[in-house]
Amino acid sequence: MGEPGTYRDLGESAWRWVCAQIRDDDGPWLPDAVADESPAGPAYDRDSVYAGIGGLVPVLAEIAQHRPLTAAERDLAGAVGARLTATVPGRREPSLYDGLAGDVTALRMLAPGREEPALRRLAQLQTSAGWATTLPIGHDGPATDLVLGTAGVVLALVWAGGPAARGMLSTAGESLLAVAEPTTAGLDWRMWPGYGSSSPNYSHGTAGVAAALAVAGHALGRDDFVTAARRGAAHVLSVGSLAGGGFVVPHTIPPSRREVEPVTYGWCHGPTGTSHLFDALAYIGVSEVGGHAPADLRRRCLRSVLHSGLPQRLRPGFWDNDGRCCGTAGVGDALLDAYQDLGDAELRTAAVTMGDALVQRAVVDEAGGRWRFVEYRQDPPLLPPGTSWMQGAAGIAAFLFRLARMLETGPAAPVVVRPDQWWAVPAAVRSTQGLAGLA
């Protein structure tokens with residue numbers, strides 16, 4: 001296909017469907033999925049970037065790049081901002097995707113400076129060991145990873161900048177150094193100290209922690225942070241495979257019985273996300289890891305993605321998801337980042353392939369567009385359509401809007417940057433304008 005209008009129209013349709021699901025109960029909230037029996041009230045993560053209203057803000061910021069927001073969208077931005085601002089003083093969850101670091105992200109996108117109360121609250125909750133999680137994950141101390149733990153908070157602090165954020169960075173980075181596990185090749189981080197396995201890719205393990213230490217070390221001039229990041233990358237390299245000119249790392253070490261595929265390819269547990277470790281090292285000027293240039297390792301990660309067979313559902317359990325976290329939209333967005341940074345036309349073509357798969361798999365009717373992911377181990381295998389940034393139509397719509405805009409305006413198109421990927425694109429295209437003045 002490759003027609004910008006096709007992707008934009010589907011993005012608008014999906015966004016219309018998402019907006020129709022928004023409800024009000026002490027402020028806006030969004031059911032995570034829309035089934036025959038939808039929840040009667042909001043979930044505990046109603047305000048999160050991952051599954052809640054915080055994740056609507058980057059979609060609005062993307063929409064604002066190519067058309068004026070409607071009155072209803074402006075009202076939505078205002079309501080989200082009011083809800084997040086009101087809840088910050090009582091918030092205890094710190095994380096990027098479920099807590100205060102996510103509030104920092106959403107509020108700063110709404111209007112730079114509006115995130116200051118969330119930063120102050122993070123400072124109140126910070127300890128020398130990091131921030132204790134409140135999420136129902138079977139652990140109540142500090143987590144280390146990007147999605148749930150200190151690494152994600154560090155990324156939000158670097159992205160937000162300013163004295164309040166900078167004041168927390170050294171202690172946060174030092175808490176990550178304190179729980180690093182030395183290996184024969186370098187350093188490893190589990191989701192939290194003592195966790196039963198290692199998830200070495202981007203979302204829950206070493207690749208994400210090392211990327212956070214890299215950009216924090218660069219921001220602070222902390223050579224010890226940068227050294228730890230390099231050692232983390234060396235460990236990731238040691239447990240992965242460079243076969244065929246690519247680079248992949250196992251999903252879990254030791255392998256989990258729950259995982260159908262020992263190697264996956266998405267943002268969360270695959271080379272799509274892990275490439276961000278290597279572009280972070282390249283960004284800060286690291287020239288070599290394990291005998292390889294970081295830029296070469298990034299390209300190897302992307303090569304593995306391009307030759308994996310996705311977005312085709314090749315076998316049960318392979319590529320059953322089209323969202324940002326684990327699926328097609330997340331891969332497409334990272335491919336656009338890499339294309340705008342590296343200028344490789346193959347990456348542009350691959351991003352279009354992801355967009356075409358989303359067009360083909362969309363469920364579109366008078367209610368709007370949405371996607372049903374697959375869990376082949378259940379009957380029926382089709383899951384109810386999701387609404388959210390990471391696992392649903394909101395995040396997919398944002399990718400489709402961006403793809404359309406980039407195809408029309410070229411690789412210099414502005415990129416709405418976020419805490420977990422801003423260094424992956426050239427400085428000239430990073431847009432931090434967000435929705436300033438709208439909320």
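A search of the whole structure finds zero disulfides, a disulfide being a pair of cysteine sulfur atoms within 2.5 Å. This is a predicted model, in which local features need pLDDT of at least 70, side-chain atom pairs count only at pLDDT 80 or more, and totals for chains, interfaces and linings use all residues. Residues are numbered from 1 along each chain as its sequence is written, and side-chain values use heavy atoms, with hydrogens and water left out.

**Cysteines**

A disulfide is a covalent bond between the sulfur atoms of two cysteines. For Cys301, the closest cysteine sulfur belongs to Cys268 and lies 14 Å away, too far for a bond. Cys325 is in no disulfide either; its nearest cysteine sulfur, in Cys326, is 3.5 Å away.

Cys301 is buried, with a relative accessible area of 0%. Buried means under 20% relative accessible area, exposed means over 50%, and partly exposed lies in between (1.4 Å probe, protein chains only). Cys325 also counts as buried, at 6% relative accessibility.

**Helix α4**

Ten of the eleven residues of helix α4 (residues 100-110) are buried, so the helix is largely enclosed by the rest of the structure. Helices (H or I, at least four residues) and strands (E, at least two) are DSSP runs, numbered from the N terminus. The buried residues of α4 include Leu100, Asp103, Thr105 and Leu110. Their cover includes α2 (56-63), α3 (71-87), α5 (116-125), α6 (150-160) and β7 (415-416).

Ser203 sits in the loop between β4 (187-188) and α8 (206-220). At 1% relative accessibility, Ser203 is buried. Beyond its neighbours within four places in sequence, Ser203 is in contact (heavy atoms within 4.5 Å) with Asp145, Leu146, Val147, Trp267, Cys268 and His269.

Ala207 lies in helix α8. Ala207 is buried, with a relative accessible area of 0%. Not counting residues up to four places away in sequence, Ala207 touches Pro200, Asn201, Tyr202, Val236, Thr274 and Leu277. Trp189 is 18 residues from Ala207 along the chain, and their C-alpha atoms are separated by 8.7 Å.

**Two helix pairs**

The table gives how each pair of axes meets. Axes are lines fitted to C-alpha atoms, for helices over the stretch in contact, and angles run from 0 to 180 degrees between N-to-C directions.

| Helix pair | Axes come within | Crossing angle |
|---|---|---|
| α13 (residues 345-361) and α14 (residues 393-409) | 11 Å | roughly 135° |
| α6 and α8 | 9 Å | roughly 35° |

The angle of roughly 135° between α13 and α14 makes α13 oblique to α14. Angles under 35 degrees count as roughly parallel, over 145 as roughly antiparallel, 65 to 115 as roughly perpendicular, and the rest as oblique.

The crossing of α13 and α14 is left-handed. A crossing is left-handed if the near helix is turned anticlockwise from the far one by less than a right angle, and right-handed if clockwise. Arg348, Ala351, Val352, Met354, Gly355 and Leu358 in α13 meet Ile396, Phe399, Leu400, Leu403, Met406 and Leu407 in α14. The residues of this contact divide into ten nonpolar, one polar and one charged. Ala, Val, Leu, Ile, Met, Phe, Trp, Tyr, Cys and Pro count as nonpolar; Asp, Glu, Lys and Arg count as charged; the others, Gly among them, count as polar.

α6 passes α8 in a left-handed crossing. On the α6 side, Ala151, Val154, Leu155 and Val158 meet Gly208, Val209, Ala212, Val215, Ala216 and Ala219 of α8. The residues of the contact of α6 with α8 divide into nine nonpolar, one polar and no charged.
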